[in-house]
Amino acid sequence: MRTNTPTLATLQTELDRLKHEIASVGFVCPGSVVRRYMPCGKPGCRCQADPPQLHGPYCQYSNKVASKTITRRLTPDQAQLYQQWIANRRRIDQLLARMEQVSAQAAEILLRDAPSRPVHTR
């Protein structure tokens, strides 16, 4: 009876496919993009009414740099770019996680099939 255990050749093919897919990913960026509605603080403005009618939506990009959160206001076009770059980053993270799984399976095969050698100590 055959098991679903992959062969080393199959794992190498999968690793090559993953490397090719990573190479095709464009620009990457960590962080997040959010749409916010905010008050302006001007007395008598609609955002100060009860209930308030806040201004926006405003797109903002946030990211940690040297343990500090930076925030940048974006145009809608800029927000779209950042969202794509962030999605690319997440895709690379997924691909690397899969590469680690494939590598762990390959390591099991390689270590199992490697001739055992005595460890020399002085």
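User: Before we start, what should I know about the numbering and the confidence limits?

Analyst: Residues count from 1 along each chain as its sequence is written, and side-chain values use heavy atoms, with hydrogens and water left out. Because the model is predicted, local features need pLDDT of at least 70 and side-chain atom pairs count only at pLDDT 80 or more, while totals for chains, interfaces and linings use all residues.

User: Happy with that. How many residues does helix 1 have, and what span does it reach?

Analyst: Helices are DSSP runs (H or I, at least four residues), as strands are (E, at least two), numbered from the N terminus. The expected span is 1.5 Å times one less than the number of residues. Here, helix 1 (residues 8-23) has 16 residues and reaches 22 Å from its first C-alpha to its last, close to the expected 22 Å.

User: Which residues of helix 1 are buried?

Analyst: Buried means under 20% relative accessible area, exposed over 50%, and partly exposed in between (1.4 Å probe, protein chains only). In helix 1, Leu11, Glu14, Leu15 and Leu18 are buried. They cover an arc of only 100 degrees around the axis, taken from the directions to the C-beta atoms, so they are on the same side of helix 1. The face turned away from that buried side carries the exposed residues Ala9, Thr13, His20 and Ala23.

User: What do the buried residues of helix 1 pack against?

Analyst: Contact means heavy atoms within 4.5 Å. The buried residues of helix 1 pack against helix 2 (76-113).

User: Now the aromatics: how many pairs are there in the whole structure?

Analyst: Rings of Phe, Tyr and Trp (its six-membered ring) pair if their centres lie within 6.5 Å; planes under 30 degrees apart are stacked, over 60 edge-to-face, and the rest tilted. A search of the whole structure gives three aromatic pairs. For Tyr82 and Trp85, the ring centres are 5.1 Å apart and the planes at 65 degrees, so this pair is edge-to-face. Both residues lie in helix 2, three residues apart, about one turn of the helix. Tyr82 counts as buried because its relative accessibility is 11%, whereas Trp85, at 25%, counts as partly exposed. Ring pairs link Phe27, Tyr61, Tyr82 and Trp85 into a cluster.

User: Lastly, where is Gln48 found?

Analyst: Gln48 is in the loop between strand 1 (32-38) and strand 2 (55-65). Leaving out residues up to four places away in sequence, Gln48 touches Pro39, Cys40, Gly41 and Lys42.
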